[in-house]
There are 2 protein chains.
Amino acid sequence: MRYYTFGDEQPAVSPDEFFMNEALKEARQALKEDEIPIGAVVVCKGQIIGKGHNLTERLNDVSAHAEMQALTAAANYMGGKYLPECTLYVTMEPCVMCAGASYWFQIGRIVFGAYDVQRGFGRLNQTITHPKTLITGGIHENECAQLVKDFFKSKRK
Amino acid sequence: MRYYTFGDEQPAVSPDEFFMNEALKEARQALKEDEIPIGAVVVCKGQIIGKGHNLTERLNDVSAHAEMQALTAAANYMGGKYLPECTLYVTMEPCVMCAGASYWFQIGRIVFGAYDVQRGFGRLNQTITHPKTLITGGIHENECAQLVKDFFKSKRK
């Protein structure tokens, strides 16, 4: 099955890869703004309805994570509270706060890029996402991880 | 030891009781606005530097919890990112999202009123708050719990 072809020159990609690329665009935007390069989009029925990237520096707010921006933007767009038919694409495994937020939004699915062994919600041995939330990790894992690694490497110089 | 006396008519209260009363004022303000009556204040060196109450209805945002308002307000006030010398007083045991947020703010202490067995972060068997965060629960427990119980009872009528 082929999805999202862009003419002969571009390879076909799956929907998950396509939307993770959109989240990566947000992450690169964060990088331009000297923010930790993590990006997120929320997708409903094939359409992006919310996006965001890390804004902890600009807002001087350690809770201004990409997922929080994207989830609240999506709920705003929907004019409703819950997002059971939506998927959150985010370049890094969500932290406990963001996974906890996704519980309240009742997000249908979370797809993340790089694993975050230290601070990702997956380190917990109990489920903190909504019982109906499906989880997929590792989409464009290397590219998502490399962005963040390079960022912190450049900061340590 | 006596703290915070208000003349002969008022009984002396401990700092924790005093500031939980301030959080209760925020909870009652939420009730007036037909929001779930949960309130929070952040205190640094005896001074309230941030406060907030549940705004999920007004903002149509399921993540607009009292703690998130109070923590971001406090960090704004401090002009810094972290709150290691501050205490978060909140009328209800924080959920996983809010406890996860408190990790990023590196809050020094969390004092909560009513226990939330279903959705409180205490249901987890792993620590999700910052390793240095001290936790106290049950301050003005009955009053804090009753506010929320009465609210939901009135909604079911």
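Reader: What makes the pair A:K81 and B:E57 a salt bridge?

Author: In this predicted model, the closest N and O atoms of A:K81 and B:E57 are 2.5 Å apart; a salt bridge requires a side-chain nitrogen of Lys or Arg within 4 Å of a carboxyl oxygen of Asp or Glu, and the pair therefore counts as one. Between chain B and chain A the count is 2 salt bridges.

Reader: Which helices of chain B supply at least two residues each of the side that touches chain A?

Author: They are α2 (66-78) and α3 (96-105) of chain B, and α3(B) gives the most to that side, with 7 residues. By class, the side of chain B that touches chain A has 12 nonpolar, 11 polar and 5 charged residues.

Reader: How much area do chain B and chain A bury between them, and which residues of chain B lose the most?

Author: The two chains bury about 2600 Å² between them, with 57% of it on carbon and sulfur atoms; on the side of chain B, the residues losing the most area to chain A are B:V62, B:K81 and B:W104, which together account for 27% of what that side buries.

Reader: Why is A:E67 called buried?

Author: The relative accessibility of A:E67 is 4%, and buried means under 20%, so A:E67 counts as buried. This residue is found in helix α2 (residues 66-78) of chain A, and, leaving aside neighbours within four places in sequence, A:E67 has contacts that include A:A40, A:L88 and A:C98.

Reader: What does UniProt list for A:E67?

Author: An unreviewed UniProt entry lists A:E67 under "active site".

Methods. Residues numbered from 1 in each chain as written. Chains lettered and ligands numbered in written order. Predicted model: local features only at pLDDT ≥ 70, side-chain atom pairs only at ≥ 80, totals over all residues. Heavy atoms only, no water. Buried area = accessible area lost by both parts, 1.4 Å probe. Helix = DSSP H or I, 4+ residues; strand = E, 2+ residues; numbered from the N terminus. Nonpolar A, V, L, I, M, F, W, Y, C, P; charged D, E, K, R; others polar. UniProt positions renumbered as here; feature names shortened; annotations may be inferred. Buried < 20%, exposed > 50% of the residue type's maximum accessible area, 1.4 Å probe, protein only. Contact = heavy atoms within 4.5 Å.
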